[in-house]
Amino acid sequence: MPSNTITVTLLQLAKMIDHSLLHPTMTDEDIVAGLRIARANHVATACVKPYLIPLAKKELAGSDVLVCPVIGFPHGNSTTEIKVIEATAAAKAGGDEIDMVVNVGKVLGGDWDYVKEEIRQINEAVVAHGAILKVIFENDYLQSEHIARLCEICTELKVAFVKTSTGYGFVKQKDGSYNYRGATVKDLKLMREKSGKDVQIKAAGGVRTLDDLLHVMSLGVTRIGATATVAILEEAKKRGIGNEPVEVSFKPMAEDSTGGY
């Protein structure tokens, strides 16, 4: 079990974050404001919808923040051919990191040949154009055996990252409402265990506080998707996290849920 302390710097935390700008209602004005937050906080990437790549490149020019477009988002149901075209176009347009969604129905149906071939084609297209691929599983829809097999496939294909969720994988709850768990401790441990050492883990969906970030970091996660970037980094500063490494404690999340609710 990891201890509830970890040694970090502020820049190290910032470079853990893909600042998420993916809500369907966001206007160009909203996106520009979000890109300026990403730039000011020196996050790893700004995660944007494909049509926004030119705007993101313009706003982030000269900064240390990369552009991360999503493809097949959020349901992963386009044909493999279209996903490859979309991924290729996103990389050619200046996407540095590409987040794709698996075909969830094919995963649940156990059509692993289809799933592997789709990821292979997209990964090869992305890498050929100088970008890297993150494969989104949408864990809320899956069982542990599906997650484990996807990690094995992504390891075989030398994918850069495996990622828990889109943040939009809503599941009908017992009370009739729709919600999602996102990145759970249980799933993150499984993904780290079943993925090769060269495959990084991205936790997305529900990582909303500094404690959440520090905990997933202690599990071997190297990237998170977040909308609460400013709140997380401001809390880090309040706790004395700055330019020099400092040991901080964190409140652990429950095993089967994220801490952000």
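Student: Which way do Thr45, Cys47, Ala46 and Val48 point from E3, and are they buried or exposed?

Tutor: This is a predicted model. In it, Thr45 and Cys47 point one way from E3, Ala46 and Val48 point the other way, and all are buried. In a regular strand the side chains alternate between the two faces of the sheet.

Student: Which strand does E3 pair with over four bridges?

Tutor: Strand E2, residues 17–21, pairs with strand E3, residues 45–48, in the parallel sense. Asp18 stands opposite Thr45, and Ser20 has Cys47 as its bridge partner.

Student: What do the eight strands close into, and in what order?

Tutor: They close into a barrel with parallel pairing, in the order E2-E3-E4-E5-E6-E7-E10-E11. From one strand to the next, the twist averages 25 degrees.

Student: Which strands does helix H4 touch?

Tutor: Helix H4 (residues 80–92) packs on the sheet and touches strand E4 (66–71) and strand E5 (97–101). The direction of H4 makes about 165 degrees with that of E4.

Student: And H8, which of its residues are buried?

Tutor: Helix H8 spans residues 185–194, and its buried residues are Val185, Asp187, Leu188, Leu190 and Met191.

Student: What covers them?

Tutor: The cover includes helix H7 (144–156) and helix H9 (210–218), along with strands E7 (161–163) and E10 (200–204).

Student: Where do Phe73 and Tyr168 lie?

Tutor: Phe73 lies in the loop between E4 and H4, and Tyr168 in the loop between E7 and strand E8 (171–172), so the pair ties together parts that are 95 residues apart in sequence. Phe73 is partly exposed at 22% relative accessibility, and Tyr168 is partly exposed at 23%.

Student: What about Phe170 and Tyr180, what is the angle of the planes?

Tutor: The planes are at 80 degrees and the ring centres 5.3 Å apart, so Phe170 and Tyr180 are edge-to-face. Phe170 is in the loop between E7 and E8 and Tyr180 in the loop between strand E9 (178–179) and H8, so that pair ties together parts 10 residues apart in sequence. Phe170 is partly exposed at 39% relative accessibility, whereas Tyr180 is buried at 11%.

Student: Which lysines have a ring under them?

Tutor: Lys106 lies over the face of Tyr114, at 4.7 Å from the ring centre. The charged end of Lys134 sits over the ring of Phe161, 5.5 Å from its centre.

Student: And Lys158, buried or exposed?

Tutor: Lys158 is exposed, at 70% relative accessibility. It is in the loop between H7 and E7. Its C-alpha is 30 Å from that of Asn41, and the two residues are 117 apart in sequence.

Student: On to the backbone. Is the peptide bond from Phe73 to Pro74 cis or trans?

Tutor: The bond from Phe73 to Pro74 is cis, with omega near 0 degrees. Pro74 is in the loop between E4 and H4.

Student: What about phi of His42?

Tutor: Phi of His42 is near 55 degrees, a positive value in a residue other than glycine. His42 is in the loop between helix H2 (28–40) and E3, and is partly exposed with a relative accessible area of 37%.

Student: And phi of Glu138?

Tutor: Phi of Glu138 is positive as well, near 60 degrees. Glu138 is in the loop between strand E6 (132–136) and H7, and is buried with a relative accessible area of 2%. Most residues other than glycine have a negative phi, and most peptide bonds are trans.

Terms used
Residues numbered from 1 in each chain as written. Heavy atoms only, no water. Buried < 20%, exposed > 50% of the residue type's maximum accessible area, 1.4 Å probe, protein only. Helix = DSSP H or I, 4+ residues; strand = E, 2+ residues; numbered from the N terminus. Contact = heavy atoms within 4.5 Å. Pairing = 2+ DSSP bridges. Axes fitted to C-alpha atoms, helices over the stretch in contact; angles between N-to-C directions. Phe/Tyr/Trp six-rings, centres within 6.5 Å; stacked < 30°, edge-to-face > 60°. Lys NZ or Arg CZ within 6 Å of the ring centre and 35° of its normal.
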